[in-house]
Amino acid sequence: MKPFLCMTAALACLALPATAQDLVTYETDQSFDDVVFGLESAILDAGLVIDHTSHVGEMLERTRADVGSDVVLFDQADVFSFCSAVVSRQVMEADPMNIAYCPYDVFVMTRPDTEGTTIGFRSYPEGPMQAVQEMLDGIARSAIGAD
């Protein structure tokens, strides 16, 4: 039994993601707060509810010294998580394993070495998940008035 467990653990270590996913991003000269307001409004206007907001920038800055870093990654950075009953049902009826992509996230960030604000989301695979990508693209573009 012990050799089986060791082999299983070794195989699990080899099961790493093959590549990082591509991102869809938009740059704007709008302030972080304006883009966040636009994003929150776009999500609500689509009839969706924000499930969670991750304050990634605050967490990384708060823990920067604790992990021995002097690099400031973001001036501000938040990730907004939400789901759509309609789109989620559509993509999960096509393939129940698409549950792995839910909830959907859109990030907003500003960096100390660049001007303006970036809004974006991860890209999704071809096929049914393109419905999610289209929804997120519409929301991100609406947030910055590019729709």
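Figure 1. The neighbouring partner is strand β5 (residues 117–122), which runs antiparallel to β1 and is joined to it by six bridges; two strands pair if DSSP finds at least two bridges between them.

Two notes apply to every view. Residues are numbered from 1 along each chain as its sequence is written, and side-chain values use heavy atoms, leaving out hydrogens and water. Because this is a predicted model, local features need pLDDT of at least 70 and side-chain atom pairs count only at pLDDT 80 or more, whereas totals for chains, interfaces and linings use all residues.

Figure 2. Asp78 belongs to β3, residues 76–83. Asp78 is buried and has no salt bridge. Here buried means under 20% relative accessible area, exposed over 50% and partly exposed in between (1.4 Å probe, protein chains only). A salt bridge is a side-chain nitrogen of Lys or Arg within 4 Å of a carboxyl oxygen of Asp or Glu. The nearest side chain of opposite charge, Arg62, is 9.9 Å away; Lys and Arg count as positive and Asp and Glu as negative, with His and the chain ends not counted. What Asp78 does have is a polar contact of 3.1 Å between its side chain and that of His55. Such a contact is a pair of N or O atoms within 3.5 Å; within protein, one must be able to donate a hydrogen and the other to accept it, and residues adjacent in sequence count only if both atoms are side-chain atoms. Leaving aside residues up to four places away in sequence, Asp78 touches several others, including Phe32, Thr53, Val56 and Phe107; contact means heavy atoms within 4.5 Å.

Figure 3. Within α4 (residues 85–94), Val87, Ser88 and Val91 are buried. They cover an arc of only 100° around the axis, which puts them on the same side of α4; the arc is that of the directions from the helix axis to the C-beta atoms. The cover over these buried residues includes β3, β4 (104–110) and α5 (130–143). On the face turned away from the buried side you will find the exposed residues Ala85, Val86, Arg89 and Glu93. Two of these, Arg89 and Glu93, form a salt bridge (3.1 Å, N to O). They are four residues apart in α4, so about one helical turn separates them. Arg89 counts as exposed at 54% relative accessibility, and so does Glu93 at 57%.

**Figure 4. Further salt bridges.** The count for this model comes to four salt bridges. In one of them, Arg64 meets Glu61, with the closest N and O atoms 2.6 Å apart. Arg64 is partly exposed at 23% relative accessible area, and Glu61 is partly exposed at 34%. Another joins the side chains of Asp105 and Arg122 (3.6 Å, N to O). Asp105 lies in β4 and Arg122 in β5, so this pair ties together parts that are 17 residues apart in sequence.

Note on methods:
Helices (H or I, at least four residues) and strands (E, at least two) are DSSP runs, numbered from the N terminus.
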